[in-house]
Amino acid sequence: MAGTNPYIRTAAPRCPAQKYAITFLPSNERVEVDPAKIPYDRTGLPGSILDIALGHGVDLDHACGGVCACSTCHVIVRQGLASCRETTDDGLDQLDKAPGLEATSRLGCQCIPDGTRDLVVEIPNWNRNLVHEAPH
Ligand code: FES
């Protein structure tokens with residue numbers, strides 16, 4: 001599922017102008033983000049951590065489809081938070097429902113780095129979906 005929540009108005013995010021990298025923990029998987037390829041997966045806001053993760057095969061739950069209506073895409077930004085846009089009030093409301101909140105917690109589907117620095121992003125233990133269906 002992709003799209004936007006029609007009940008939430010947000011300012012247009014700053015999209016990155018240069019390439020940067022995100023390292024996902026605990027797997028330590030480093031992905032290169034190319035602004036020319038955004039959106040990667042069309043889930044969550046274009047250029048969001050969720051969009052980038054899914055576009056690179058990094059599992060990150062997203063029960064509402066990336067429209068800021070759940071908290072399953074909760075991530076903790078360990079480095080590079082200054083390059084991410086501020087969380088909206090609606091995002092904060094959803095984030096409040098996530099377990100294990102920290103000061104640098106963000107919704108992966110709403111958090112858009114501007115590309116001015118590399119990020120280190122932790123996917124909380126409870127949020128790692130270790131069950132995969134076999135291909136049909
Ligand atoms: S996927 Fe539901 S709020 Fe991000």
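The following exercises, with worked solutions, concern the predicted model shown above.

Residues are numbered from 1 along each chain as its sequence is written, and side-chain values use heavy atoms, with hydrogens and water left out. Because the model is predicted, local features need pLDDT of at least 70 and side-chain atom pairs count only at pLDDT 80 or more, while totals for chains, interfaces and linings use all residues.

**Exercise 1. Determine how many helices and strands the protein has, and in what order they run.**

Step 1. Helices (H or I, at least four residues) and strands (E, at least two) are taken as DSSP runs, numbered from the N terminus.
Step 2. The protein has two helices and five strands.
Step 3. Read from the N terminus, the order is β-β-α-β-α-β-β.

**Exercise 2. Identify the residues of the largest nonpolar core that touch the most other members, and the elements that supply this core.**

Step 1. A nonpolar core is a set of buried Ala, Val, Leu, Ile, Met, Phe, Trp, Tyr and Cys residues joined through side-chain atoms within 4.5 Å; buried means under 20% relative accessible area, exposed over 50%, and partly exposed in between (1.4 Å probe, protein chains only).
Step 2. The largest such core holds 25 residues, and I22, F24, I49, L119 and V121 touch the most other members.
Step 3. At least two residues each come from β1 (20–25), β2 (29–33), α1 (49–55), β3 (74–79) and β5 (119–122).
Step 4. The largest share, five residues, belongs to α1.
Step 5. With neighbours within four places in sequence set aside, the contacts of L119 (heavy atoms within 4.5 Å) include I22, I49, V77 and P113.

**Exercise 3. State where A82 lies and whether A82 is buried or exposed.**

Step 1. A82 is located in the loop between β3 and α2 (89–95).
Step 2. A82 counts as exposed because its relative accessible area is 60%.
Step 3. A82 and R117 are 35 residues apart in sequence, yet their C-alpha atoms are 8.4 Å apart in space.

**Exercise 4. Name the residues that line the largest cavity, and classify them.**

Step 1. On a 1 Å grid over the protein atoms alone, a cavity is a set of points where a 1.4 Å probe fits but cannot get out; lining residues have an atom within 4 Å of a point.
Step 2. The lining consists of R85, E86, T87, T88, R106, L107, Q110 and C111.
Step 3. By class, two of these are nonpolar (Ala, Val, Leu, Ile, Met, Phe, Trp, Tyr, Cys and Pro), three are charged (Asp, Glu, Lys and Arg) and three are polar (the others, Gly among them).

Terms used:
On a 1 Å grid over the protein atoms alone, a cavity is a set of points where a 1.4 Å probe fits but cannot get out, and a pocket is an open set with protein on both sides within 12 Å along at least five of seven lines; lining residues have an atom within 4 Å of a point.
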